[in-house]
Amino acid sequence: INPFLMKDMDVAVDRLNDAMGRKERIMVYGDYDVDGCTSVALVYKFLQQFYSNIEYYIPDRYEEGYGVSRKGIDYAHQSGVKLVIILDCGIKAIEEIGYAKSLGIDFIICDHHVPDEEMPPAVAILNPKRPDDHYPFKHLSGCGVGFKFMQAFAKNNGIPFSRLIPMLDLCAVSIAADLVQVEEENRILAFHGLKQLNQNPSLGLKAIIDICGLAGKEISMSDIV
């Protein structure tokens, strides 16, 4: 599905292009669960091929808890970060993103949780569950939303889709682990992601496959779960 059908996608891509053009420091921030970690890995890994002034941040489950933390924002501010791409959370972080804005840090939210009536003051909010969003498939994982953002960025910058295919193993893992519906676009992402996972998984996933004793086996969605 064309990623630009998602509301705010053009704004998100423009802001990312501007950040790269101005050589701003970018932080890829995500939740600490499987969906969040695969989202961060996908976006960071993809952008790192084209841009070096970038880092990632996963909040500590026990010290910081779920979502955007003040500690994370303060760390971003100290590191000179000007743009945060937040994945699999952020849709309810109204106060925290307002605080970041006061420090001159912009946020692009990539989330798939149901938003409240009031939304955070982010530059762009990518979420197919927004009531004003016309994206035809509503059940992407957080990593799926991150993938659509990278697909739009690639499309806008003339980067061939083939460069995104190695990232699909991470999408399949997020779809299985987050227990989102395996239908429509998720089914396509999961199908091609499993293919990638079985034929040429990323180094981190290969290590997990080996540790789990799944090497040499055709890995299925239930193996991931």
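Arg130 is buried, at 8% relative accessibility. Here buried means under 20% relative accessible area, exposed means over 50%, and partly exposed lies in between (1.4 Å probe, protein chains only). The model is predicted: local features need pLDDT of at least 70, side-chain atom pairs count only at pLDDT 80 or more, and totals for chains, interfaces and linings use all residues. Residues are numbered from 1 along each chain as its sequence is written, and side-chain values use heavy atoms, with hydrogens and water left out.

Arg130 forms a salt bridge with Asp132. The term denotes a side-chain nitrogen of Lys or Arg within 4 Å of a carboxyl oxygen of Asp or Glu. In this pair the closest N and O atoms are 2.9 Å apart. Asp132 is partly exposed, with a relative accessible area of 33%. By this rule, the count is eleven salt bridges.

A further salt bridge pairs Lys148 with Glu185, with 2.7 Å between the closest N and O atoms. This pair links distant parts of the chain. Lys148 lies in helix α5 (residues 142-156) and Glu185 in helix α7 (residues 184-199), 37 residues apart. Helices (H or I, at least four residues) and strands (E, at least two) are DSSP runs, numbered from the N terminus. Lys148 is buried, at 1% relative accessibility. Glu185 is buried too, with a relative accessible area of 8%.

Salt bridges that share partners also join Arg15, Arg22, Glu24 and Asp106 into one network. Within it, Glu24 forms a salt bridge with Arg22. Their closest N and O atoms are 3.0 Å apart. Glu24 is buried, with a relative accessible area of 12%. Arg22 is exposed, at 52%.

Strand β1 spans residues 25-30. Five of its six residues are buried, so β1 is largely enclosed by the rest of the structure. Two strands pair if DSSP finds at least two bridges between them. Six bridges join β1 to strand β3 (residues 81-87), and the two run parallel. Gly30 stands opposite Leu87 in β3. Four bridges join β1 to strand β2 (residues 54-57), again in parallel. Val28 stands opposite Tyr56 in β2. In a regular strand the side chains alternate between the two faces of the sheet.

β1, helix α2 (residues 34-48) and β2 make a right-handed β-α-β unit. A crossover is right-handed if, with the strands pointing away from the viewer, the path from the first strand over the helix to the second runs clockwise.
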